[in-house]
Amino acid sequence: MSLQVSDLSFSYGTKTALDGVSFSVGHGQFAALLGPNGAGKSTLFSLLTRLFVTQTGEISIAGHDLKTAPLAAMADLGVVFQQTTLDLDLTVRQNLRYFAALHGLSGRAADNRIDAALERLGMEERAGEKARGLNGGHRRRTEIARALLHDPKVLLLDEPTVGLDVPTRGALTRHIHDLCSDTGVTVLWATHLTDEVLDSDQVILLHRGEVLADGRCGALRGDAALPDYFARMTGAPV
Amino acid sequence: MRHALIAMRAIVLREALRFVHQRERFIAALVRPLVWLLVFAAGFRAALGLSISPPYQTYITYETYIVPGLCGMILLFNGMQSSLSLVYDREMGSMRLLLTAPLSRTWLLFSKLLGSTIISILQVYAFLLAAWLFDITLPPLGYLTVLPALVLGGLMLGALGLALSSFIKQLENFAGVMNFVIFPMFFLSSALYPLWKMAESSELLHDICAANPFTHVVELIRFALYVEWNGMAFFWSALATAAFMALAVWGYDPARGMMTRKG
């Protein structure tokens with residue numbers, strides 16, 4: 001298993017954010033972490049990226065336990081945060097170079113990877129532009145290219161389509177699905193938007209800090225449409 | 001090890017690039033002490049009589065007296081500013097990114113600190129050059145011997161800012177930091193008036209000033225500018241640097257989860 005979470009619980013003081021969360025995502029699988037706002041998705045991401053330390057439970061990334069081998073685990077992890085983390089005054093290439101250096105890549109080796117990552121995202125012509133001049137979709141693509149620079153085995157995306165228009169959202173969702181099947185990277189995609197999920201995807205339904213359902217989207221929803229299934233499970237209006 | 005050094009260089013360079021892009025910040029950093037030097041000091045020269053005390057060999061003007069304090073002021077403001085900019089959400093994002101790098105958190109924070117210290121020191125030298133143009137000169141060798149003192153002071157005040165940034169929730173609290181950290185630290189120190197002068201008005205104030213780590217940084221800089229060594233100032237500055245760094249590392253410790261409170 002590329003990503004394994006076992007019995008994870010976390011609370012902010014007395015308020016429980018995650019309660020006994022367990023799931024695993026296999027190699028090359030696209031898993032949608034689906035949940036309404038406040039379900040605990042962001043807390044889970046903070047734990048997965050080691051911004052918080054797990055209070056109880058275990059996380060393993062590409063076979064590395066996050067507690068005992070945090071640096072090895074982080075080296076195999078690519079992250080796209082919900083809020084933009086680009087330095088807007090730097091060019092696309094400078095942003096990527098900075099990140100490459102954080103992962104120990106420099107010089108020609110870094111440049112080659114940057115070129116490859118930008119090409120894959122169709123961003124090679126914008127390499128010299130300042131991040132400030134990019135539209136939302138291109139900023140996101142830059143961040144995805146950056147998250148893939150060090151060839152991570154697991155890619156986390158925290159509501160990456162927030163603030164994007166519908167066509168851009170669709171293109172980005174398709175792109176990450178393709179990436180999954182082409183490169184074998186494991187993807188965990190947090191969202192509350194059901195139209196970003198395909199029937200072949202794994203769905204982990206998170207609600208009020210607990211996993212309500214975990215399985216193939218097609219099998220879970222049965223004959224119901226995914227939005228209806230989602231609404232029924234969470235009691236949330238769609 | 002190579003990985004760690006590549007990352008450190010990138011972090012320092014990024015700080016430098018960010019600074020270059022914020023021209024207003026550089027101008028503000030240069031103008032602030034110059035205003036103090038040229039306006040404030042001119043007024044105070046008349047009011048304050050300074051006698052000879054080490055490291056000065058002769059009578060000095062008030063302008064000359066406050067130069068080391070203003071060097072300290074640059075380090076103080078810059079250290080706070082570069083760390084407190086982390087409180088911005090956008091910056092918090094880049095901090096999150098930084099902390100996901102597969103390197104020890106202490107190393108990452110130290111690299112960031114080193115970056116902001118180098119920027120501070122360049123500003124101090126720009127100020128010293130400006131002061132020199134206004135005929136406030138120092139022993140030539142002093143410009144060199146002050147460098148290690150500036151490094152230590154920059155690290156200390158940067159670490160303090162970093163520690164504070166991990167505890168402050170919102171940018172609005174920056175005003176609180178100004179009122180309760182920067183101003184007291186600056187005014188209750190030997191930056192603007194010698195400690196013995198302070199003792200004349202209040203023993204208590206004198207004791208507070210003497211305990212203020214910023215006083216020791218200023219004194220270390222003052223002596224170093226005149227190619228002299230001040231062991232006590234060095235000892236207290238080094239101790240405070242270590243303490244603030246430990247506090248910053250603790251503040252950014254994932255086990256404590258500073259982000260938990262950031263929400």
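This is a predicted model: local features need pLDDT of at least 70, side-chain atom pairs count only at pLDDT 80 or more; totals for chains, interfaces and linings use all residues.
**Exercise 1. Work out the strand order of the open sheet in chain A, and find which strands stand at the edges.**

Start with the order: the 4 strands line up as β2-β1-β4-β5 in chain A, and the pairing is antiparallel. Next, look at the ends. β2 (15-25) and β5 (64-65) of chain A each have a single partner strand, so one side of each is left without a neighbour in the sheet. Now zoom in on one end: strand β4 (residues 56-61) of chain A is joined to β5(A) by 2 bridges. If you want a pair to click on, A:Ile61 sits opposite A:His64 in β5(A).

**Exercise 2. Take strand β9 (residues 202-207) of chain A: how many of its residues are buried, and which strands pair with it?**

First, burial. A residue counts as buried if 20 or more other C-beta atoms lie within 10 Å of its own. In β9(A), 5 of the 6 residues pass, so the strand is largely enclosed by the rest of the structure.

Second, the partners. Strands in a sheet pair through backbone hydrogen bonds, either parallel or antiparallel. Strand β3 (residues 30-34) of chain A runs parallel to β9(A), with 4 bridges, and A:Ala31 has A:Gln202 as its bridge partner. Strand β10 (residues 210-216) of chain A pairs with β9(A) in the antiparallel sense over 6 bridges; there, A:Leu206 partners A:Val211.

Third, the turn. β9(A) and β10(A) make a hairpin with 2 residues between them. In that turn, A:Arg208 has a positive phi of about 50 degrees.

**Exercise 3. Describe how α3(A) and α4(A) pack, and which residues meet.**

Begin with the geometry: α3(A) and helix α4 (residues 107-120) of chain A pack at an angle of about 125 degrees, with axes 10 Å apart. That makes α3(A) oblique to α4(A). The crossing is right-handed.

Then list the residues. From α3(A) come A:Arg93, A:Leu96, A:Arg97 and A:Ala100, which meet A:Ala110, A:Arg113 and A:Ile114 in α4(A). Sort them by class and you get 4 nonpolar, no polar and 3 charged.

**Exercise 4. Size up the contact between chains A and B: how many residues does each chain give?**

Count both sides: 24 residues of chain A are in contact with 26 of chain B. On the chain A side, the elements giving two or more residues are α2 (70-75) and α3 (92-102). By class, that side has 13 nonpolar, 8 polar and 3 charged residues.

Methods
Residues are numbered from 1 along each chain as its sequence is written. Chains are lettered from A and ligands numbered from 1 in the order in which they are written. Two residues are in contact if their C-beta atoms, placed from the backbone, lie within 7 Å. Ala, Val, Leu, Ile, Met, Phe, Trp, Tyr, Cys and Pro count as nonpolar, Asp, Glu, Lys and Arg as charged, and the others, Gly among them, as polar. Two strands pair if DSSP finds at least two bridges between them. A residue is buried if 20 or more other C-beta atoms lie within 10 Å of its own, exposed if 12 or fewer, and partly exposed in between; C-beta atoms are placed from the backbone. Axes are lines fitted to C-alpha atoms, for helices over the stretch in contact, and angles run from 0 to 180 degrees between N-to-C directions. Angles under 35 degrees count as roughly parallel, over 145 as roughly antiparallel, 65 to 115 as roughly perpendicular and the rest as oblique. A crossing is left-handed if the near helix is turned anticlockwise from the far one by less than a right angle, and right-handed if clockwise.
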